[in-house]
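This report describes how two chains are built and where their parts meet. Keep the structure open while reading.

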Amino acid sequence: MLKDVPAELFQKVKDLTGIELTDNDKAYQDSVQIQLGILILQLFNIRQLKQRGFKPDAVAGHSLGIFAAGVASGSIDEDDAIKIVYLRSEKMQESYPTGYGMGAIVGLTRREVNTLVKKINEETQPVFTSNQNSELQTVISGSIVGINKVLDLAKSNGAQKAVLLKVPVPSHSPLMQSVADVLEKALADVLINDPNCIYLANYNGHAVRKSAGIKYDMINNLVHPVYWDTMMDVAKEMGIDTSLELQPGQTFTRLVKSKFSDFRTITMNNMNLDDIEFLLNKWKRG
Amino acid sequence: MAKRSWTQNRDAKTAKLASISSILDGKFVKTENAKELLESVINSGDRVVLEGDNQKQASFLSQTLASVDPEKVHDLHMIMSSVSRPEHLDIFETGIAKKLDFSFAGPQSTRISQMIADGTMQVGDIHTYLELYARLYVDLIPNVVLVAADKVDHDGNLYTGANTEETPVIVESAAFKDGIVIVQANEIVDKVPRVDIPGDWVDVVVPADEPYQLEPLFTRDPQNVTELQILMGMMAIRGIYEKHNVQTVNHGVGFNTAAIELLLPTYGEQLGLKGKIVPNWEVNPTPTLIPAIESGWVKTIHSFGGEVGMENYIAHRPDIFFVGKDGTMRSNRAFGQMAGQYALDMFVGSTLQIDQYGNSSTVTNGRLSGFGGAPNMGSNPTGRRHSTPAWQSLRPDDDPLGKGQKLVVQMVETFGSNKKPVFVDHLDAEEVQKEAKLANVPIMIYSEDTTHIVTEEGIAYLYKTDSMAERKAAIEAIAGVTPVGLRSDSKQLADLRARGIVALPEDLGVHRSEAKRSLLAAQNMDDLVKWSDGLYNPPAKFRSWS
């Protein structure tokens, strides 16, 4: 995954966190390794794009992705992003060693999922409606017991798909408050600038132009659902018609393409920089 | 007691215009002085109409307004028929504006919901078009109006051309009540092709940095019409247009109604209906009407606005369209909406949700799209008295003083494009009312005004029902396998069919197997160009062949 990333970024991570990143699948079982690995890959991508002179009109990160979005919009510097992501991933890992996670439901609206979650959620088996990835793709988060019960209900209520995700943490739910508390203290001393473009916030899907909204998102996005679907609606309403997805994957390109078929999309994962530059310039000319 | 002045508003306007004398040359202000102009003549708290029509956008003035210093100009009360552009809402985030009265916000429906929810914006009312225009003359009289023109001559006469749309109704509300009329112009000319707004009504003209925004919103490529839409179109033609002898019509701009336009010259012809139904239209000049015009079905069309690419075709068909001496169309949304209320036999529309009672709405969770014109077109003004066969055909037999009714038809497939049922027990709009704290549930067309619903299953003749229970049963009968539809049973359906309250395709003599794309008078954009004798010029994004 990180074969093109310069050694200097690996060294930076080591200097700032003491973590030695290992670029193989086994190491990526560890959530600190995978989160820092993805972050430096994205920081490298941002450098590559900057070098070619491209500036975004808007940035949108999904969960961990908000830190790369913060760097791309000039709100936070690379070093601070690495330090915060390190802390965030460590605290996430420590928070719920067993029995918690996330599930995905496809084919029901958020309102329908909410109704099912309400039936199951209680103190002994907490479960919450979480990320909205598209109109009919909703994530739930909480205890495995609660999640499984909601997934069963979803299947019997017409969901096309209802599966447990390979995520060991109940992210983007109120259960993550302790991590947010730690991040609040850590981010108190970090300089967050006003973004130099629109920043689409996870926690409420709004277009943010001030540092306060970004700081809130960086502290609290783990406690709130990621309103990705709303973020994309708002991006379109702000006049955005082109998306570029940083590495490693193409999940978000697929989501945007199925939502807005006329969007022009680029995934850095399967396109080289010269081609990207050619396309962006061509589209700019119209 | 001091003598009261009765010219305070006029004096204030004179003073405002005097304050910009240094940048004013006659009626003209230079492009680069536009920001100073707005900062000088707009007072904080003013009521300002910004021309955002369904199609035409005063985009230079909206961008300029968004750039003014919020310290100098703030807390404006904006009045806009259509909220379409990002900066229409940006001005609420920066504090330049505070309150909004509007009709339609489809292109900004997510952000407007967010701003209402978090208090960034206060909403006066969400209006239908006619309610908004009418209130410009009563209790929303503007202090300043910002509008767009194609061409302006040196006396300030405006040429607004095919997309005149709302400009007259907006300008008149200010020009005769001491409001200030500011116009952005695509071009300054010695002589305008025709005078759409007299220069007398105009205070300030600013040449725009680029032409106003105009989008081809109503062009539908025949290639994307589905066989289900063709089936529903055939049913509507037989079971409604023919049955009620409909002469005058407005219909929506979706693919359902595009299918009907393309079926008239083929299927309508086979039925021998040519010359018998729908000669007179109130509708935008949609390209899919070209075959029906060319084959002699359509006699006249008046339009709310223009449609990009249709200019030359319209110029060559002045017998059909409203065309000035200069050869370009004149549109007028206010008159078009009035015609919809008082002149037409029938409105045909589509929607996103219909509840078990027959109320419909396009407002869904998290999106406040507003109303636009459909609630005006899709309602039955109770003061009407028409002698037309269509109106009379809805008159009850058993009441000598009974009135007829305007036909209001909803055409929907039972499941939407998101695979969710269109027929629901309760509209999302009910929730949205609570979330956005609206005075009224944002229903688009009320059940009592809806006379027919067409689905791929059949037609429900709601006007024939005489109780809510029967109305619900009629809706269930055509609601397919939605939860609402599953409440219907075969015995109930047979009874409703026997009494003519519900008709299935076979009851109308419509064969499902005949609903083929080959039945469309035009299969694609190229066919439309051919029908038009090469006069129609599709916008680039609709040109797959070039």
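Helices (H or I, at least four residues) and strands (E, at least two) are DSSP runs, numbered from the N terminus. On that basis, chain A has eleven helices and nine strands. The model is predicted: local features need pLDDT of at least 70, side-chain atom pairs count only at pLDDT 80 or more, and totals for chains, interfaces and linings use all residues. Residues are numbered from 1 along each chain as its sequence is written, while chains are lettered from A and ligands numbered from 1 in the order in which they are written.

**Chain A overall**

The C-alpha atoms of chain A fill a box of roughly 50 × 45 × 35 Å along the principal axes. The radius of gyration is taken over C-alpha atoms, and the globule rule is 2.2 Å times the number of residues to the power 0.38. For 286 residues a compact globule would have a radius of gyration near 19 Å, and chain A agrees, because its value is 19 Å.

**Helix packing in chain A**

Axes here are lines fitted to C-alpha atoms, for helices over the stretch in contact, and angles run from 0 to 180 degrees between N-to-C directions. Helix H2 (residues 31-51) of chain A and H4(A) have axes that come within 9 Å and cross at roughly 155 degrees. H2(A) and H4(A) are therefore roughly antiparallel. Angles under 35 degrees count as roughly parallel, over 145 as roughly antiparallel, 65 to 115 as roughly perpendicular and the rest as oblique. The H2(A) side of the contact includes A:Leu36, A:Leu39 and A:Leu43, and the H4(A) side includes A:Ala81, A:Ile82 and A:Val85. By class, this contact of H2(A) with H4(A) has nine nonpolar, four polar and two charged residues. Ala, Val, Leu, Ile, Met, Phe, Trp, Tyr, Cys and Pro count as nonpolar, Asp, Glu, Lys and Arg as charged, and the others, Gly among them, as polar.

Helix H4 (residues 78-95) of chain A also meets helix H7 (residues 177-187) of chain A: their axes come within 9 Å and cross at roughly 160 degrees. That makes H4(A) roughly antiparallel to H7(A). In H4(A), the residues that meet H7(A) include A:Ile84, A:Leu87 and A:Met92; in H7(A), A:Val179, A:Val182 and A:Leu183 are among the partners. By class, the contact of H4(A) with H7(A) has eight nonpolar, two polar and two charged residues.

**Domains**

Two residues are in contact if their C-beta atoms, placed from the backbone, lie within 7 Å.

In chain A, eleven residues of domain 1 are in contact with ten residues of domain 2. On the domain 1 side, helix H9 (228-237) and helix H10 (251-259) of chain A give two or more residues. By class, that side has seven nonpolar, two polar and two charged residues.

In chain B, 30 residues of domain 1 are in contact with 31 residues of domain 2. H5(B) gives the most to the domain 1 side, with six residues. By class, that side has 14 nonpolar, twelve polar and four charged residues.

**Where the chains meet**

The contact takes ten residues from chain B and eleven residues from chain A. H5(B) gives the most to the chain B side, with three residues. By class, the side of chain B that touches chain A has two nonpolar, six polar and two charged residues.
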